[in-house]
Amino acid sequence: MDISVVIPLYNEDESLGELYSWISKVMLKNNFSYEVIFMNDGSTDNSWGVIQQLAAKNENVKGIRFRKNQGKSNALNVGFKHTQGDVVITMDADMQDSPDEIPELYRMIMEEDYDLVSGWKKERHDPFSKTFPSKFFNALTRWTSGIKLHDFNCGLKAYRSETAKSLDIYGEMHRYLPVLAHWNGFKITEIPVLHHPRKHGVTKFGASRYVKGFLDLLTLLFTSRYLKRPLHFFGTVGTLMGLVGFGIDAWLTVEWIMGETFLSNRPAALLGIALIIVGVQLVSL
């Protein structure tokens with residue numbers, strides 16, 4: 001099979017039929033063999049009923065249903081395990097991602113030897129409340145990971161099959177899939193893609209995603225870079241704190257010996273002691 005399209009969704013019953021029709025037209029036009037896997041993440045509307053109707057009429061439609069909402073990362077993780085295509089395409093179910101981008105994404109995987117191609121919503125049709133935090137987190141991710149992509153969290157991506165199946169996704173890690181792939185040795189890139197205004201419904205992500213996303217970025221950095229060499233992080237921070245504390249106390253001790261100060265009324269002495277203790281604890285940890 002050429003392509004597997006994995007679509008995580010939550011309460012998007014108004015979009016699914018139209019989205020599948022758009023995908024199928026693109027696939028038929030390009031003579032792709034394909035499957036579409038709808039990942040129903042605990043929807044409370046009629047999304048599962050729509051998926052069942054599509055699957056009954058089209059043999060290349062599959063649906064997987066979570067009984068309760070488990071998040072986009074879990075939906076992608078399970079969906080990837082059930083794919084059969086040489087190339088795996090992911091897109092959101094709200095029709096803001098364009099299936100017309102699929103042929104070029106497929107070509108870049110198969111002909112240009114990339115393992116992951118991420119979409120870049122260069123012209124984004126979202127409110128400021130979504131675009132500004134997105135730009136901030138993209139900049140933060142670029143700085144911490146060293147990977148120069150513009151849009152890490154774009155839902156429209158293409159993966160070589162082995163790449164998709166090798167990724168361990170949990171929490172809010174779907175935001176950092178290019179980082180995971182790059183650190184696992186896969187070749188990644190991005191291309192500008194069309195982004196459409198939402199046609200039906202409203203966004204299902206709340207403000208809490210920003211806090212969770214930041215915490216998962218820290219988790220990603222620790223588990224990827226320092227899991228097998230934790231002293232490289234804790235030892236560096238602990239040593240610096242210990243040296244600063246020792247320097248403060250050494251200077252105050254010299255002043256005390258010279259009769260220029262009393263240690264009992266110098267809060268800096270306690271600060272130095274605290275830095276030394278915390279530094280030793282971090283190294284020990």
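In this predicted model, arginine 160 lies in strand 6, which spans residues 157-160. Arginine 160 has a relative accessibility of 17%. Buried means under 20%, so arginine 160 counts as buried. Its contacts beyond four places in sequence are Asp86, Ile109, Asp113, Tyr114 and Asp115.

Aspartate 113 pairs with arginine 160, and the closest N and O atoms are 3.5 Å apart. This pair links distant parts of the chain. Aspartate 113 sits in the loop between helix 4 and strand 5 (116-120), while arginine 160 belongs to strand 6. The two residues are 47 residues apart.

Across the whole structure, the search finds 8 salt bridges. Two of them involve arginine 107. The side chain of arginine 107 meets that of glutamate 111 at 3.8 Å, N to O. Arginine 107 also meets glutamate 112, here at 2.6 Å, N to O. Glutamate 111 and arginine 107 are both in helix 4. They are 4 residues apart, so about one helical turn separates them.

Glutamate 111 has a relative accessibility of 61% and counts as exposed. Arginine 107 is partly exposed, with a relative accessible area of 28%. Glutamate 112 is partly exposed as well, at 30%. Salt bridges that share partners join Glu104, Arg107, Glu111 and Glu112 into one network.

Aspartate 97 presents another case. This residue is found in the loop between strand 4 (87-90) and helix 4 (102-111). Aspartate 97 is buried, yet it has no salt bridge. The nearest side chain of opposite charge belongs to lysine 121, 5.7 Å away. A salt bridge needs the nitrogen and oxygen atoms within 4 Å. The side chain of aspartate 97 does reach a backbone atom: the nitrogen of aspartate 92, at 2.9 Å. Not counting residues up to four places away in sequence, aspartate 97 touches Trp22, Met91, Asp92, Gly155, Leu156 and His195.

Strand 1 was examined next. Ile3, Val5, Ile7 and Leu9 point one way. Ser4, Val6 and Pro8 point the other way. Residues on both sides are buried.

Strand 1 pairs with strand 2 (residues 34-41), and the two run parallel. They are joined by 7 bridges. Within this pairing, isoleucine 7 has phenylalanine 38 of strand 2 as its bridge partner. Between the two strands, the chain passes through helix 1 (residues 16-29). This β-α-β crossover is right-handed.

Strand 1 also pairs with strand 4, again in the parallel sense. Here there are 4 bridges. Valine 5 stands opposite isoleucine 89 in strand 4.

Technical notes:
Residues numbered from 1 in each chain as written. Predicted model: local features only at pLDDT ≥ 70, side-chain atom pairs only at ≥ 80, totals over all residues. Heavy atoms only, no water. Buried < 20%, exposed > 50% of the residue type's maximum accessible area, 1.4 Å probe, protein only. Contact = heavy atoms within 4.5 Å. Lys, Arg positive; Asp, Glu negative; His and termini not counted. Polar contact = N/O pair within 3.5 Å; in protein donor to acceptor, adjacent residues only side chain to side chain. Pairing = 2+ DSSP bridges. Right-handed = clockwise from strand over helix to strand, strands pointing away.
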